[in-house]
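Here is a friendly walk through one protein model, from a single side chain out to the whole chain. Have the viewer open as you read.

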Amino acid sequence: MDTEQLETHYREIIRNTGEDLDRDGLRDTPLRAAKAFQFLTRGYRQTLDEVVNGALFESDMDEMVLVRDIELYSMCEHHMLPFIGKAHVAYLPDGKVLGLSKIARIVDMYARRLQIQEGLTRQVADAVLQVTGAKGVGVIVEARHLCMMMRGVEKQNSCMTTSVMLGHFRSNPDTRAEFLRLVRG
Ligand code: ZN
């Protein structure tokens with residue numbers, strides 16, 4: 001993504017509001033906005049392999065691994081406005097465990113793309129399953145959407161929850177119940 005080109009587009013967008021691009025506060029805004037947008041979409045320039053970076057370890061642990069309350073900042077693909085919340089990711093290892101920080105980095109990689117919450121939830125679940133070869137994966141995402149809060153219906157407190165259950169999390173009610181209990185606890 002070319003910074004200069006993006007800067008030109010932002011200049012055009014701001015000009016269209018009727019604003020004066022030469023006034024002090026706005027002079028560097030197109031460039032700053034371009035850089036911010038590049039940062040917020042950097043997930044397109046990352047791959048799962050890079051993010052995981054080999055941090056996969058042999059283990060005979062067979063208890064559920066849960067990473068709770070992973071901060072999440074993404075942008076909805078319908079309005080390009082932020083949605084903000086938390087992800088809870090769990091898996092049942094099958095001989096391999098993933099470095100803990102890597103789960104958060106996987107969430108980040110997919111969050112830094114234009115998304116709908118359902119798609120993000122699914123992509124994180126599929127990625128964790130693919131990387132770990134786990135017996136099952138569960139992902140819950142809870143988020144507030146600025147496109148709901150700032151425009152349209154202006155529902156300030158609506159929070160959306162999405163979940164994807166794979167493998168044992170889908171087929172075994174006890175595993176799913178344990179996951180839900182740990183997330184709420
Ligand atoms: Zn939206």
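Leaving aside its neighbours within four places in sequence, which residues is Q117 in contact with? Counting contact as heavy atoms within 4.5 Å, the list is F83, V141, E142, A143, H145, M160, T161 and T162.

## About the model

This is a predicted model, in which local features need pLDDT of at least 70 and side-chain atom pairs count only at pLDDT 80 or more, while totals for chains, interfaces and linings use all residues. Residues are numbered from 1 along each chain as its sequence is written, and side-chain values use heavy atoms, with hydrogens and water left out.

## Around Q117

Q117 is found in helix α5; helices (H or I, at least four residues) and strands (E, at least two) are DSSP runs, numbered from the N terminus. Is Q117 buried or exposed? Its relative accessibility is 1%, so Q117 counts as buried. The scale here, run with a 1.4 Å probe on protein chains only, calls a residue buried under 20% relative accessible area, exposed over 50%, and partly exposed in between.

Two of the residues on the contact list also meet Q117 through polar contacts between side chains: H145 at 2.7 Å and T162 at 3.1 Å. A polar contact is a pair of N or O atoms within 3.5 Å; within protein, one must be able to donate a hydrogen and the other to accept it, and residues adjacent in sequence count only if both atoms are side-chain atoms.

## The zinc site

The zinc ion has C76 (SG), H79 (ND1) and C147 (SG) as its protein donors, at 2.1 to 2.3 Å. Donors are N, O and S atoms within 2.8 Å of the metal (3.2 Å for Na, K and Ca), and because water is not among the atoms, sites may look incomplete. The sequence spacing of the donor residues reads C-x2-H-x67-C.

As for disulfides, taken as pairs of cysteine sulfur atoms within 2.5 Å, the count is zero.

## Nonpolar cores

A nonpolar core is a set of buried Ala, Val, Leu, Ile, Met, Phe, Trp, Tyr and Cys residues joined through side-chain atoms within 4.5 Å. The largest one holds 34 residues, and Y91 and I106 touch the most other members. Elements that each supply at least two residues of this core include α3 (48–52), β2 (65–76), β3 (82–92), α4 (100–111) and α5 (117–132). A second, separate core has eight residues, among them I140, M165, F169 and F179.

## H168 and its surroundings

H168 sits in helix α7 (residues 168–171) and counts as partly exposed, at 33% relative accessibility. Although H168 and K135 are 33 residues apart along the chain, their C-alpha atoms are separated by 6.1 Å. Beyond four places in sequence, H168 is in contact with L92, K135, G136 and T175.

## The whole chain

The protein chain has eight helices and seven strands, and 41% of its 185 residues count as buried. Its C-alpha trace spans about 65 × 40 × 20 Å along the principal axes. Among contacts between residues at least 6 apart in sequence, 69% join residues at least 24 apart.

The domain assignment, which is automatic or from a database, gives domain 1 (3–40) and domain 2 (54–184). Their C-alpha centres lie 33 Å apart.
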